[in-house]
Amino acid sequence: MTTYEAMPYHLETERLLLRPWHESDADELRALVAERGTGKTLTVESVRSDIVDMLTATRTTGIALLPIQRREEGDFIGYCGLIIGRSTLEEPEIAYELFQRVHGNGYATEAARAVLDAAVATGRKRLWSTVATWNTPSLRVLEKLDFERDRVVTEEKAGELVWLTRSLA
């Protein structure tokens with residue numbers, strides 16, 4: 001089994017800071033999840049518990065989903081990072097979600113580019129992403145980052161998903 005370096009947990013771009021989670025992020029993360037419109041309401045306590053679980057997983061796996069803050073405004077606008085998701089620790093998935101109010105400003109692409117660089121620094125050779133076929137904005141972000149379609153599958157809960165991959169070599 002290949003061992004990988006832990007990814008950096010503090011990433012900076014021109015406009016963004018990506019950093020480890022704090023329990024104080026629970027209200028904002030809860031609001032972000034609520035924007036999905038699934039009708040599922042999370043409590044602040046359950047989200048705090050999820051944050052603790054994410055921090056524990058980060059220590060175990062060496063990869064992380066990181067909150068995104070705008071540098072100038074200092075506000076939480078979403079998250080981006082590497083997860084096991086539907087893939088593996090050796091070839092993790094890149095994941096991101098941002099508040100709708102900040103869509104269309106290039107933040108997802110900027111954050112994902114920083115996470116790609118962090119993935120390269122771990123020694124990994126390939127990343128994956130899974131995106132619902134209806135999610136054109138996310139598919140555009142991945143296209144800008146040179147991800148290529150691998151296949152389309154149908155999952156009972158998620159519906160049609162596009163699997164995309166990107167070589168890091």
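The charged end of R151 sits over the ring of W163, 4.3 Å from the ring centre. By "over a ring" I mean that NZ of Lys or CZ of Arg is within 6 Å of the ring centre and within 35 degrees of the ring normal. There is another case: R124 lies over the face of Y4, at 4.3 Å from the ring centre.

A word on the model. It is predicted: local features need pLDDT of at least 70, side-chain atom pairs count only at pLDDT 80 or more, and totals for chains, interfaces and linings use all residues. Residues are numbered from 1 along each chain as its sequence is written, and side-chain values use heavy atoms, with hydrogens and water left out.

Back to the rings. How many aromatic pairs does a search of the whole structure find? Four. Rings of Phe, Tyr and Trp (its six-membered ring) pair if their centres lie within 6.5 Å; planes under 30 degrees apart are stacked, over 60 edge-to-face, and the rest tilted.

Take W21 and Y79. Their ring centres are 6.5 Å apart and their planes stand at 55°, so this pair is tilted. It links distant parts of the chain: W21 is in the loop between β2 (16-18) and α1 (26-34), Y79 is in strand β4 (residues 76-83), and 58 residues separate them. Helices (H or I, at least four residues) and strands (E, at least two) are DSSP runs, numbered from the N terminus.

Are these two buried or exposed? W21 has 5% relative accessibility, so it counts as buried. Y79, at 10%, counts as buried too. The cut-offs: buried is under 20% relative accessible area, exposed over 50%, partly exposed in between (1.4 Å probe, protein chains only).

Next pair: W128 and W163. Centres 5.6 Å apart, planes at 80°, so edge-to-face. W128 is in strand β6 (residues 126-132) and W163 in strand β8 (residues 159-167), 35 residues apart. W128 counts as buried at 9% relative accessibility. W163 is also at 9%, and counts as buried.

Now the strands. β6 and β8 pair in the antiparallel sense over seven bridges. Pairing needs at least two DSSP bridges between the strands. The bridge partner of T130 is W163 in β8.

What about β7? Strand β7 (residues 148-155) pairs with β8, antiparallel, over seven bridges. V152 stands opposite V162 in β8. A hairpin through three residues joins β7 to β8.
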